[in-house]
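Here is a friendly walk through the two chains and the way they meet. Have a look at the model first, then read on.

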Amino acid sequence: MVIAVAMDSREDAARPWIEAAAPAYPALIDRDHRLAELYNMVNVPQAAWIDESGRIVRPAENAGAYEAFRSLDFETMTVPEDKMATAAAAKATYVDAVRDWVLTGRDSSHVFTAEQASARTAVPSEEIARAHCHFRLGQFLLRHDRAEEGREHLAEASRLHPRSWNIWRQAAEVNDMGLAAGPDFWDRVNALGDDYYYPPVDMAGMPK
Amino acid sequence: MTTVLSDLGEFSVDADGGEGLWLGAGEAAAATGWSLKPEGLCRGDVCVPVPNDRAQAFAADGKVNLAAFWDHMSMPAAHSREGDVWALGEASAVRANDLRSLQAPDFTLPDLNGVGHSLSDHRGKKVLLATWASW
């Protein structure tokens with residue numbers, strides 16, 4: 001069972017993607033990023049594996065994305081082929097692991113023991129918890145035509161939780177393609193330096 | 001009217017004007033899960049006593065000042081300039097304990113038709129809980 005959740009404060013932004021994909025599984029909209037708050041998620045795509053009893057066997061993590069986009073050549077607007085190949089390999093490795101888990105359950109080598117899963121669980125700080133309050137308040141104010149005040153709370157949320165791309169990109173201006181990928185985004189990405197945008201998944205065979 | 005945003009949902013409440021967030025004890029419990037009892041403000045087995053020296057700032061006349069309690073309990077909160085909208089969050093330590101317990105936090109979110117879906121609806125199946133975004 002897949003549950004896909006769009007971290008999208010504007011339902012209209014998510015709708016065309018969901019309608020085009022027309023998935024057989026639930027495609028939900030999380031306008032207040034509640035899931036990010038509950039599972040301490042900071043970016044998309046992230047995913048958690050939850051077993052039949054409702055236990056997390058892989059805590060929230062990058063769902064097989066590879067940051068090929070960081071090698072974008074702005075003159076040709078292309079990404080080098082080797083980076084594209086690595087991205088494809090990362091995605092395939094992740095999807096294969098999901099299939100393995102579906103077929104073999106707890107025997108899958110990708111399922112963590114409780115100890116491993118607990119150790120790999122990133123938990124929120126007080127600042128992160130406050131950030132989610134400001135984000136939620138900000139989204140409420142935006143929906144109620146109090147945009148200026150709402151944006152102040154989104155900015156405060158991002159200040160309190162600077163590692164959350166979800167919070168920052170949701171509040172950022174989007175381009176004609178609906179992407180929050182303007183100069184400010186690239187400045188933030190470049191400021192990462194050697195740090196990851198999509199931290200490699202802790203999974204056998206995953207390219208780094 | 002005042003709006004309270006909590007883990008339990010979005011609530012329109014009848015708050016007193018002025019400082020803090022004063023709600024009738026029943027309304028406060030419905031919006032947050034915290035009930036005013038003789039022992040203090042309680043949720044499940046946990047009770048937070050009203051500080052003796054400042055009792056009037058926390059509870060009076062069957063009303064409870066949730067803002068004061070949230071601050072006292074070091075729980076996260078944010079409010080609008082006019083104090084008419086409050087987001088009352090869960091303590092980060094509680095979230096952390098919940099996550100480390102590995103019991104997947106339940107949630108209910110709408111699909112495009114506004115129909116709510118909960119994680120707990122799918123107990124008995126493996127769930128790949130995956131996020132994405134248009135942006």
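This is a predicted model: local features need pLDDT of at least 70, side-chain atom pairs count only at pLDDT 80 or more; totals for chains, interfaces and linings use all residues.

Two residues are in contact if their C-beta atoms, placed from the backbone, lie within 7 Å. Among contacts in chain A between residues at least 6 apart in sequence, 48% join residues at least 24 apart.

Residues are numbered from 1 along each chain as its sequence is written, while chains are lettered from A and ligands numbered from 1 in the order in which they are written.

Chain A has 8 helices and 4 strands, taken as DSSP runs numbered from the N terminus (helices H or I, at least four residues; strands E, at least two). Its C-alpha atoms fill a box of roughly 50 × 45 × 35 Å along the principal axes.

Now to the meeting of the chains: 42 residues of chain B are in contact with 66 residues of chain A. On the chain B side, E13(B) contributes the most, with 6 residues. That strand also pairs with strand E3 (residues 46-50) of chain A, antiparallel over 4 bridges; pairing requires at least two DSSP bridges. Within this pairing, A:Ile50 stands opposite B:Val127.

The model's scores are as follows.

| Score | Value |
|---|---|
| ipTM | 0.97 |
| pTM | 0.96 |

For chain B, the average pLDDT is 96, and 100% of the residues score at least 70.

Notes:
pLDDT is the predictor's confidence in each residue, from 0 to 100.
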